[in-house]
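Biologist: I would like to learn how to read the features of a model such as this one. Please take them in turn.

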Amino acid sequence: MRHRAHRFHRPATPRRAASRRPSETTLFSGVYGLVLASALAAALDSPGEADDPGSDALWVLLTALASAAAHGYAHVVAHRLSADGGGARAGLRAMLAEWPVVVAAVPTVALLLTAVPSWWTKARAVNTALVLNTLLLAGWGVGTARGAGRGWTASLRAGIADMLIGLVIIVANALIK
């Protein structure tokens, strides 16, 4: 089976199972997008600076777009070096296949935008985004483990392990400020 964005072969997955579970690329890119959005939102929330949540939301979104494009382009370069041509269309497909990075950043962007009309402070929006992204990481960990056929105990362990990534960002955010 060919990956939709690349020309290399991947092991075939039964059609029914594939339609219910996200692909490895989607999961990888989604987790990457959540971590990227969390880290960037935390870094942009500096005490002593004027709050500009709209600008910060734009930076999170632009960084997610740039990261998705860069990761897709890295696949293009890697395939070019392996003499597996493919041309511009394959390159564009590889970059577009990274859409989950951008989608995963949307909750953070949305929460930052809610601070623009002063519904709450930017710091509270960032803290909420960090907690939400940490919970989403835990949910993805549990969900993917369950989808892979693991029991509840193993799935909860996977969720906790994924959640630790978000907790590290939360702790770093508290310590650095």
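This is a predicted model: local features need pLDDT of at least 70, side-chain atom pairs count only at pLDDT 80 or more; totals for chains, interfaces and linings use all residues.

Biologist: What share of the residues counts as buried?

Modeller: Buried means under 20% relative accessible area. Of the 177 residues in the protein chain, 34% count as buried.

Biologist: How do I read the packing of two helices, say α6 and α7?

Modeller: Take the angle between their N-to-C directions; over 145 degrees counts as roughly antiparallel. Helix α6 (residues 122-147) packs with helix α7 (residues 152-176) at an angle of about 160°, and their axes are 7 Å apart. That angle makes α6 roughly antiparallel to α7. The crossing of α6 past α7 is right-handed.

Biologist: At what angle do α2 and α5 cross?

Modeller: The axes of helix α2 (residues 24-44) and α5 cross at roughly 40° and come within 7 Å. Angles under 35 degrees would count as roughly parallel, and α2 and α5 are therefore oblique to each other. Their crossing is right-handed.

Biologist: Which residues form a nonpolar patch on the surface?

Modeller: A residue needs over 30% relative accessible area to be part of a patch. Here L58, W59, L62 and L65 form a nonpolar patch, with about 400 Å² of accessible area together. L62 sits in helix α3 (residues 53-81), and L65 is placed in helix α3 as well.

Biologist: Why does L62 count as partly exposed?

Modeller: Partly exposed covers the range between the buried cut-off of 20% and the exposed cut-off of 50%. L62 has a relative accessible area of 41%, so it is partly exposed. L65, at 42% relative accessibility, also counts as partly exposed.

Biologist: How far apart are L65 and V102 in sequence and in space?

Modeller: Sequence separation and spatial distance are read separately. L65 and V102 are 37 residues apart in sequence, while their C-alpha atoms lie 5.8 Å apart in space.

Biologist: What is the phi of S118, and where is S118 placed?

Modeller: S118 is not a glycine, yet its phi is positive, at about 65°. S118 belongs to the loop between α5 (99-113) and α6.

Biologist: Is S118 buried or exposed?

Modeller: The cut-off for exposed is over 50%. With a relative accessible area of 62%, S118 is exposed.

Note on methods:
Residues are numbered from 1 along each chain as its sequence is written. Side-chain values use heavy atoms; hydrogens and water are left out. Patches are made of residues with over 30% relative accessible area and no salt bridge: like charges are joined within 9 Å, nonpolar side chains (Val, Leu, Ile, Met, Phe, Trp, Tyr) within 5 Å. Accessible areas come from the Shrake-Rupley method with a 1.4 Å probe; for residues, only the protein chains shown count as cover. A salt bridge is a side-chain nitrogen of Lys or Arg within 4 Å of a carboxyl oxygen of Asp or Glu. Helices (H or I, at least four residues) and strands (E, at least two) are DSSP runs, numbered from the N terminus. Buried means under 20% relative accessible area, exposed over 50%, partly exposed in between (1.4 Å probe, protein chains only). Axes are lines fitted to C-alpha atoms, for helices over the stretch in contact, and angles run from 0 to 180 degrees between N-to-C directions. Angles under 35 degrees count as roughly parallel, over 145 as roughly antiparallel, 65 to 115 as roughly perpendicular and the rest as oblique. A crossing is left-handed if the near helix is turned anticlockwise from the far one by less than a right angle, and right-handed if clockwise.
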